[in-house]
Amino acid sequence: QVQLVESGGGLEQPGGSLRLSCAASGSFITINVMSWYRQAPGKERELVADVTTVGRTNYADSVKGRFTISRDNAKNTVYLQMNSLKPEDTAVYYCHAAAWVPARGVMDYWGKGTLVTVSS
């Protein structure tokens, strides 16, 4: 079983920066992939970025060059550094983990989300 807790959301001006964190806890062997998704008002949830255990990253075209995903395996924490924020980045951001759980295999877990609002 894995619990994910996001933090770092809030209100920021266009062009500003925010750093999101997601800490994983519980019983697991490894977290193979950690990801950030977001859901804007009236929109479907979309993948923002993901990162593997060896640091391979993937980004949505809309955030590439502005956002950076990283992880600290020792702390079981994933981060999303968001720079040059735009109003269209406003959304609830969700942390996701694909974790190897004893006696179960790979399982999917979601955080409850943290709200990011970009507005002047």
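1. Ground rules. The model is predicted: local features need pLDDT of at least 70, side-chain atom pairs count only at pLDDT 80 or more, and totals for chains, interfaces and linings use all residues. Residues are numbered from 1 along each chain as its sequence is written, and side-chain values use heavy atoms, with hydrogens and water left out.

2. The open sheet. Four strands line up as β1-β3-β8-β7, with antiparallel pairing. Strands here are DSSP runs of E with at least two residues, numbered from the N terminus. Two strands pair if DSSP finds at least two bridges between them. β1 and β7 are the edge strands, each with a single partner, so one side of each has no neighbour in the sheet. Neighbouring strands are turned by 15° against each other on average, direction ignored; axes are lines fitted to C-alpha atoms, and angles run from 0 to 180 degrees between N-to-C directions.

3. β1 and β3 are antiparallel over 6 bridges. Glutamine 3 faces serine 25 in β3.

4. Strand β9 and its partners. β9 pairs with β4 over 9 bridges, antiparallel. Here tryptophan 36 has cysteine 95 of β9 as its bridge partner. β9 also pairs with β11, antiparallel, over 3 bridges. Valine 92 stands opposite leucine 115 in β11. With β10 (residues 105-110), β9 forms 6 antiparallel bridges.

5. Burial of β9. Of its 11 residues, 9 are buried, so β9 is largely enclosed by the rest of the structure. Buried means under 20% relative accessible area (1.4 Å probe, protein chains only).

6. The largest nonpolar core. This core has 31 residues, and Trp36, Leu80, Met82 and Tyr93 touch the most other members. A core is a set of buried Ala, Val, Leu, Ile, Met, Phe, Trp, Tyr and Cys residues joined through side-chain atoms within 4.5 Å. β9 gives the most, with 6 residues.

7. Methionine 82. Its contacts include Leu18, Leu20, Phe67, Tyr93 and Val116, not counting residues up to four places away in sequence. Contact means heavy atoms within 4.5 Å.

8. Arginine 45. Its charged end sits over the ring of tyrosine 94, 3.7 Å from the centre. It also sits over the ring of tryptophan 110, 4.8 Å from the centre. The test is CZ of Arg within 6 Å of the ring centre and within 35 degrees of the ring normal.

Terms used:
Buried < 20%, exposed > 50% of the residue type's maximum accessible area, 1.4 Å probe, protein only.
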